[in-house]
Structure formats: structure tokens, C-alpha cells
Amino acid sequence: MEQRLTDDERLTLKTGAFGAVFLVSNADPGMFAMIRESIAASGALNGASGVVKEALTTGPLPRLPRDSALEVESVVLPALGRAVDILREKSPQDLTVYRDVVLAAADRVARAHRGVAPAEAAVIERIRGALAEPA
């Protein structure tokens with residue numbers, strides 16, 4: 001049985017997803033690349049369905065730290081982990097959708113500009129780790 005997500009829970013899912021895209025985009029920065037990457041990411045995020053789509057397309061945009069990639073990562077990776085916990089508890093059928101959408105968006109962003117750079121691949125691995133089931 002699916003339970004509705006609270007505003008805070010939806011924001012957590014959104015922070016994780018948008019933050020993951022931001023991390024990958026910043027791993028190999030460039031102005032034109034960022035524009036191309038944001039278009040690529042929005043296509044993947046729009047592919048979401050159900051609870052995940054609602055979380056990613058409604059409500060306020062997440063506020064991410066602006067000072068350093070490390071600071072952003074310290075917000076985003078735990079948000080991804082919490083998002084997995086929230087979905088496992090409230091809407092387990094949407095967990096795979098969330099994981100797939102976040103990883104697809106991260107991958108699309110990385111490929112949008114001259115293929116996947118090593119720094120982008122490393123960030124995607126950390127995102128994948130944050131989305132993983134606990135051992």
C-alpha cells in the first residue's frame with residue numbers, strides 16, 4: 001500500500017535527484033556544457049512516474065550549498081540515501097523508478113558534452129553507492 005509523501009520527503013527526493021545532476025555537471029564544468037547537460041537531465045527526470053514524478057515536478061526547488069563540490073556532496077549523497085529509505089518504507093514499488101531516473105539523469109548529463117569524463121564517472125559511482133541497498 002502506497003502512502004503519500006510529506007512535503008519534506010518530496011523535497012528530500014528532489015534534493016537527491018537534482019543534486020546528483022548538479023554534482024555530475026560540476027565534475028567537468030563548462031558554461032555551454034551546463035546548458036546542454038541541464039536539458040539532458042530534464043529529459044531523464046521527466047521520465048519518472050508515480051510518486052517519484054510527483055516529488056520531482058512539484059513544490060520548491062531544493063537549495064544546494066554553493067561554496068564547494070564537497071559541501072554539495074555532503075548534502076546530496078545523504079539525501080539520496082534518505083530518499084531510498086523513504087521510498088522503501090512508503091512506496092517500495094517506486095524505489096527502482098527513483099534509482100533508475102537519478103542514474104539515467106546523471107549518465108545523460110555526463111554524456112551530454114564530449115562523453116563521460118573520469119571525474120564524472122567517479123561522481124556517478126558515488127551517487128550509485130548512495131542509492132544502493134544497505135548490505
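Which residues in α4 meet L95, Y98, R99 and V102 in α5? In this predicted model, local features require pLDDT of at least 70 and side-chain atom pairs count only at pLDDT 80 or more, whereas totals for chains, interfaces and linings use all residues. Residues are numbered from 1 along each chain as its sequence is written, and side-chain values use heavy atoms, with hydrogens and water left out.

The α4 residues in question are L80, A83, V84, L87 and R88, contact being defined as heavy atoms within 4.5 Å. By class, this contact comprises seven nonpolar, no polar and two charged residues (Ala, Val, Leu, Ile, Met, Phe, Trp, Tyr, Cys and Pro count as nonpolar; Asp, Glu, Lys and Arg as charged; the others, Gly among them, as polar). Helix α4 (residues 69–90) packs against α5 at an angle of about 155 degrees, with the axes 9 Å apart. The two helices, α4 and α5, are therefore roughly antiparallel (angles over 145 degrees).

Helix α5 spans residues 95–111 and reaches 24 Å from its first C-alpha to its last. Its buried residues (under 20% relative accessible area, 1.4 Å probe, protein chains only) include L95, Y98, R99, V101 and V102.

Leaving aside neighbours within four places in sequence, V24 is in contact with A106, V109, A110, E120, V123, I124 and I127.

Key:
Helices (H or I, at least four residues) and strands (E, at least two) are DSSP runs, numbered from the N terminus. The expected span of a helix is 1.5 Å times one less than its number of residues. Buried means under 20% relative accessible area, exposed over 50%, partly exposed in between (1.4 Å probe, protein chains only). Axes are lines fitted to C-alpha atoms, for helices over the stretch in contact, and angles run from 0 to 180 degrees between N-to-C directions. Angles under 35 degrees count as roughly parallel, over 145 as roughly antiparallel, 65 to 115 as roughly perpendicular and the rest as oblique.
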